Structures are given as structure tokens and as C-alpha cells.
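Welcome! Here is a short briefing on a protein model, written for someone meeting such features for the first time.

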Amino acid sequence: MNKDSNSLFWIGFIRTLLGFLLLIGFSGCLHQQINNKPNLPGKIDQATEKSWNVEFSENFSEIGIGEEPDSLFILDGAYSVQQGVGGEKNLKLPGAPMGDFGLLFGPREKEKNLELSFCFFASKKGRRMPSIAASIGGIRGYRLRLNPAARNIVLSLDETVLEELPFSWEGDQWWQVRFQAKVADSNQSTRLQFKLWPKRQKEPVDWNLSEIFEFEYVGGKCALWGYPYSSMPIFFDDLVIRSN
């Protein structure tokens, strides 16, 4: 091999080696970027979920038929414990009269993250459909309202709509709800997230919504509302408030 050929050989070898090293470096950076990718909204980061402590729990099993539970403060409506769906005791709101009927319950936690979970059973009648709502932070707090007739869910604060999401509801089955309000940034912003799913199904991993809003966190009591627009009764059960 002459001198020129030898030089060309080594130049080609060095170029190949540099290209190989660059490829390894790029792949390593890409792998690191993927692994460090932040969680998308609506995803649960199990590693950062703190343990939740039960502050309130009511399943109505120890309350007599026809009684109003002492653990609830009924604002309006003929709520009472009845033999409900499946033969178990549930909190029943009659289908008449029509209107909006609410109740308050649980401790007035102002400084802690809060989660409200419960299940409900409702039915439609012809084209008429019921509606339900849940609130964290009192009756003017963060409110989650399911509107089956409009096929949406509305998240609001003191009558101000924050988000509106499409949602298709099917009646004559139990639905499970989880609704959270969490301090996001030294009390100056608040993360709200919720999910709804048929109780007979496994809980979904994703939240229907998980978003930070730029207003100060406000805790307080929890509330539920029933709107029996279909003239059919609405049943509630397994009310639980957790905090951390």
C-alpha cells in the first residue's frame, strides 16, 4: 500500500469511528429525554401520590330505613335512607318534586388537599334525564356537574365555568366518582382533577381532567346535589372524604 492509499484508509477509518461515536451519543440523549418526559395532563404519577387519610365515610348500612342520616346536613330535598338498588341501603332522593336538592357533609378542612369519592344510580324517562353535582369547598366551591341531557360535564367555581368536557352517560347503573382539589403552588394555584366510570368496570388510570388553575386554593366542606329532572329517584352511596 503506497503512502496516499494509507492516508486515505486512515481518513476513512477515523470518519467511520467519529460517525459511530456521534450515533451512540445521540441515542443516549434521546433515551434520556424520553425517560425524563413529564407526565401529561390526565395521567396519574403514582410515585408522587401521597397517602390519603379518611376524614369522613358513610355507606348508610347502620341507619334505619326512612331516616335522615345525622352525618349529613340536608339543605333541601326529601333525602332519606331506603332499601335501594340491589337490596342494599342507599341514600334516596325521590323523583318528585323536580328541582335542585343538596346536602353538606364532612369536616371543614381548609388547609389540606381533599378528595371526594361517591357513587350514584339514576335513570332517564323518555327524553328526560337527571343531573348530579358534587362540590369541594362548600356550596360555592369547586363544583363538578354531570349534565346527561347536554352530554357534558361542567367544572365551575362560584358559578364561573372553568372547563366543559363532552361526556356520554348511560343510566340504570352505578357510577363511581373521584374528585380532587389540591394545592398546586404555595396556595396561589389549585389542581383540580376528576374521573367518572361505571362501577362494574375497573377504575381507569387516566383522569377525565387534571389541570392547574391560577386561583388560590380553598378547602372546606363537601356537598352533593341531585336534580331529578326525569322524575325518577336518584340514589347515592359510599360517600368518602380523604385528605393529605
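This is a predicted model: local features need pLDDT of at least 70, side-chain atom pairs count only at pLDDT 80 or more; totals for chains, interfaces and linings use all residues.

Residues are numbered from 1 along each chain as its sequence is written, and side-chain values use heavy atoms, leaving out hydrogens and water.

**The cavity**
- One cavity of 30 Å³ or more is found in the structure (on a 1 Å grid over the protein atoms alone, a set of points where a 1.4 Å probe fits but cannot get out).
- The largest cavity has a volume of about 40 Å³, a volume being the space filled by probe spheres set on the points, which are joined across faces, edges and corners.
- Its lining residues (those with an atom within 4 Å of a point) include Phe-118, Ile-132, Arg-145 and Leu-196.
- Strand S8 gives the most to this lining, with three residues (strands are DSSP runs of E, at least two residues, numbered from the N terminus).

**Backbone spots**
- The peptide bond from Ala-96 to Pro-97 is cis, with omega near 0°, and Pro-97 sits in the loop between strands S4 (89–93) and S5 (101–109).
- Phe-60, which is not a glycine, has a positive phi near 70°; Phe-60 is buried (under 20% relative accessible area), at 0%.
- Asp-158, also not a glycine, has a positive phi near 50°; at 36% relative accessibility Asp-158 is partly exposed (between 20% and 50%, with a 1.4 Å probe and protein chains only).

Terms used. On a 1 Å grid over the protein atoms alone, a cavity is a set of points where a 1.4 Å probe fits but cannot get out, and a pocket is an open set with protein on both sides within 12 Å along at least five of seven lines; lining residues have an atom within 4 Å of a point. Helices (H or I, at least four residues) and strands (E, at least two) are DSSP runs, numbered from the N terminus.
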